[in-house]
Amino acid sequence: MLACRRIGLLWLAWLAIWLMTPVAGAAGFEVVSAATRLEGGVYRLNAQIQYRFSEATREALQNGVPLTIALDMEVRRRRPWVWDEVVYALAQRFRLEYHTLSRQYLVSNLNSGERRAFPTREGALQHMGQITDFPMLDKGLLDPSERYEGALRARLDIDALPTPLRLFAYISDDWRLASEWRTWRL
């Protein structure tokens with residue numbers, strides 16, 4: 001009886017460890033690094049984002065469904081006794097498409113209109129994940145006596161999916177792809 005109980009407890013402990021261990025290559029987005037530097041009175045963002053799509057999203061992309069990725073950027077005023085105040089927010093949006101005829105991945109920056117083609121999905125994701133010298137905020141908009149932090153996250157914009165797929169995406173974990181907020185001091 002005691003041996004069965006110990007085996008049961010060991011099995012439960014193993015199961016708990018297994019469930020808490022992240023799976024290599026699991027779907028999800030991650031802001032690997034993010035920082036700003038002040039240049040010419042403008043805070044410029046440099047960031048590295050890693051995108052890992054789920055099997056369902058990769059299959060949809062291969063079948064012609066465009067995927068929209070939103071990079072949510074915020075500047076928050078730090079406050080000691082209450083929650084931080086968002087003083088600036090911006091969403092940089094990219095659309096990723098696969099064109100079967102040309103076998104090319106097309107990345108469109110929906111804010112600027114810039115479009116680029118890539119022969120591989122990895123190349124397109126690497127391009128979308130490398131943010132370099134993005135003009136985020138003018139220094140003159142901030143009060144020099146206050147403390148501020150920048151925040152960045154990446155997410156799959158489910159609302160941009162075609163309507164029939166959007167309904168399914170709302171209830172499926174395979175489509176809820178978003179990173180945690182990455183913060184840094186301005």
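Reader: Which elements cover the buried residues of helix H2?

Author: Cover is read from contacts, that is, heavy atoms within 4.5 Å. The elements are DSSP runs numbered from the N terminus: helices are H or I with at least four residues, strands are E with at least two. Here the cover of the buried residues of H2 includes strands S3 (67-77), S4 (85-99), S5 (104-109) and S8 (148-156), together with helices H3 (121-129) and H4 (163-171). This is a predicted model, in which local features need pLDDT of at least 70 and side-chain atom pairs count only at pLDDT 80 or more, whereas totals for chains, interfaces and linings use all residues. Residues are numbered from 1 along each chain as its sequence is written, and side-chain values use heavy atoms, with hydrogens and water left out.

Reader: Which residues of H2 are buried, and why do they lie on the same side of H2?

Author: Buried means under 20% relative accessible area, exposed over 50%, and partly exposed in between (1.4 Å probe, protein chains only). An α-helix has 3.6 residues a turn, so residues three or four places apart point the same way. In H2 (residues 55-62), the buried residues are Thr57, Ala60 and Leu61. They cover an arc of only 100 degrees around the axis, taken from the directions between the helix axis and the C-beta atoms, and therefore fall on the same side of H2. Just after H2, Gly64 takes a positive phi of about 95 degrees.

Reader: Which residues other than glycine have a positive phi?

Author: Most residues other than glycine have a negative phi. Among the cases here is Arg103, with phi near 55 degrees, located in the loop between S4 and S5. Arg103 counts as exposed, at 62% relative accessibility. Asp133 also has a positive phi, of about 55 degrees; its place is in strand S7, and it is partly exposed, with a relative accessible area of 31%.

Reader: In what order do the strands of the open sheet that holds S7 run?

Author: Two strands pair if DSSP finds at least two bridges between them. Three strands form this open sheet, in the antiparallel order S1-S2-S7. Its edge strands are S1 (28-39) and S7 (130-138), each pairing on one side only. S2 (residues 42-52) and S7 are joined in the antiparallel sense over six bridges, and Arg44 stands opposite Pro135 in S7.

Reader: What does Tyr43 contact?

Author: Tyr43 is found in S2 and is buried, with a relative accessible area of 13%. Beyond neighbours within four places in sequence, its contacts include Thr36, Leu38, Phe134, Leu142 and Leu186. Leu137 is 94 residues away from Tyr43 in sequence, yet the C-alpha to C-alpha separation is 5.3 Å.

Reader: How many residues does the largest nonpolar core have?

Author: A nonpolar core is a set of buried Ala, Val, Leu, Ile, Met, Phe, Trp, Tyr and Cys residues joined through side-chain atoms within 4.5 Å. The largest has 41 residues, and those with the most contacts inside it are Leu45, Tyr51, Phe53, Leu71, Leu96 and Leu152. Not counting residues up to four places away in sequence, Phe53 touches residues including Ala27, Phe29, Arg58, Leu125 and Leu177.

Reader: Where is confidence lowest, and where is it highest?

Author: pLDDT is the predictor's confidence in each residue, from 0 to 100. Its mean over the protein is 85, and 87% of the residues reach 70 or more. Confidence is lowest in helix H1 (residues 2-20), at a mean of 41, and highest in S5, at 96. Over residues 6-24 pLDDT stays under 50, and the model has zero contacts there beyond four places in sequence.
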